[in-house]
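Welcome! Open the structure in your viewer, get your selection tool ready, and follow along stop by stop.

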Amino acid sequence: MTTTTGPHPTRRLILQGAASVALLGLGNLPFAAAPARAAANDKYPEEAFKQKREADAIKALYGRTAEPSDKVKLDAPEIAENGGVVPISVTTTLDKVTSISFFVAENPFALAASYKIPDGTIPAVANRLKMARTTKLVAIVEADGKLYSASKEVKVTVGGCGG
C-alpha cells in the first residue's frame with residue numbers, strides 16, 4: 001500500500017511559478033528611460049508606407065534621391081522560389097549610418113521596411129520580404145546626411161502579395 005502526502009505539483013504549475021519569480025525579479029532592475037523617450041520621439045513614416053511608386057516612397061521618406069554606392073552591400077537571391085518569404089540583408093562600411101530602408105518597386109506599396117540605426121550600432125539589417133513578382137529591390141542607407149543605395153533584380157517564381 002502506497003501513501004501520498006498531497007497533490008503533486010504539475011509541470012505547468014512549476015513553470016508558472018518560475019515565470020512569476022522571473023517577472024518579479026525584473027521589476028527591481030533599473031531600465032534606462034532615455035532610449036524609450038528617444039524612440040517615442042521618432043515619427044512613424046506613415047506617408048512613405050502609403051506610396052505605391054518607389055520614387056514617391058523615397059521622396060516621402062527622405063525628400064531626396066540616393067546615389068549608388070559600392071559601400072552598400074545588398075544580399076538577396078537572384079531567384080526567389082517563394083515570393084512570400086524572400087530573405088534579404090544589407091550591410092555597409094559607411095560611417096554615421098542613421099537609417100536603412102528597403103523598397104520593392106512592383107509591390108502594392110513600394111516601401112517594404114525602414115529601420116532607424118542608433119549611434120554605435122553595427123549598420124546591418126536582415127529581413128524576409130514579400131514580393132509580388134519579379135522586380136528590382138533597392139536598399140537605401142542614410143549616412144552622415146547623405147543617401148546611398150544598392151539594387152538587385154530578384155526573379156520571383158511564385159508571388160507572395162496575392163500572386
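Start by selecting threonine 135, which is buried, with a relative accessible area of 4% (buried means under 20%, exposed over 50% and partly exposed in between, with a 1.4 Å probe and protein chains only). The model is predicted, so local features need pLDDT of at least 70 and side-chain atom pairs count only at pLDDT 80 or more, while totals for chains, interfaces and linings use all residues. Residues are numbered from 1 along each chain as its sequence is written, and side-chain values use heavy atoms, leaving out hydrogens and water.

Threonine 135 belongs to strand S8 (residues 135-143); strands here are DSSP runs of E, at least two residues, numbered from the N terminus. Now show what surrounds threonine 135: leaving aside neighbours within four places in sequence, it is in contact with Val104, Ala105, Glu106, Lys152, Glu153 and Val154 (contact means heavy atoms within 4.5 Å). Zoom in on glutamate 106, whose backbone nitrogen is reached by the side chain of threonine 135 at 3.2 Å.

Next, select strands S5 (residues 97-104) and S6 (residues 111-116), which run antiparallel and are joined by five bridges. A hairpin of six residues links S5 to S6. Serine 101 faces serine 114 in S6.

Last stop: which strands form the open sheet? Select S2, S4 and S7, in that order, with antiparallel pairing (two strands pair if DSSP finds at least two bridges between them). S2 (72-75) and S7 (124-129) are at the edges with a single partner strand each, so one side of each has no neighbour in the sheet. Four bridges join S2 to S4 (residues 86-92), and valine 72 has threonine 92 as its bridge partner in S4.

Note on methods
A polar contact is a pair of N or O atoms within 3.5 Å; within protein, one must be able to donate a hydrogen and the other to accept it, and residues adjacent in sequence count only if both atoms are side-chain atoms.
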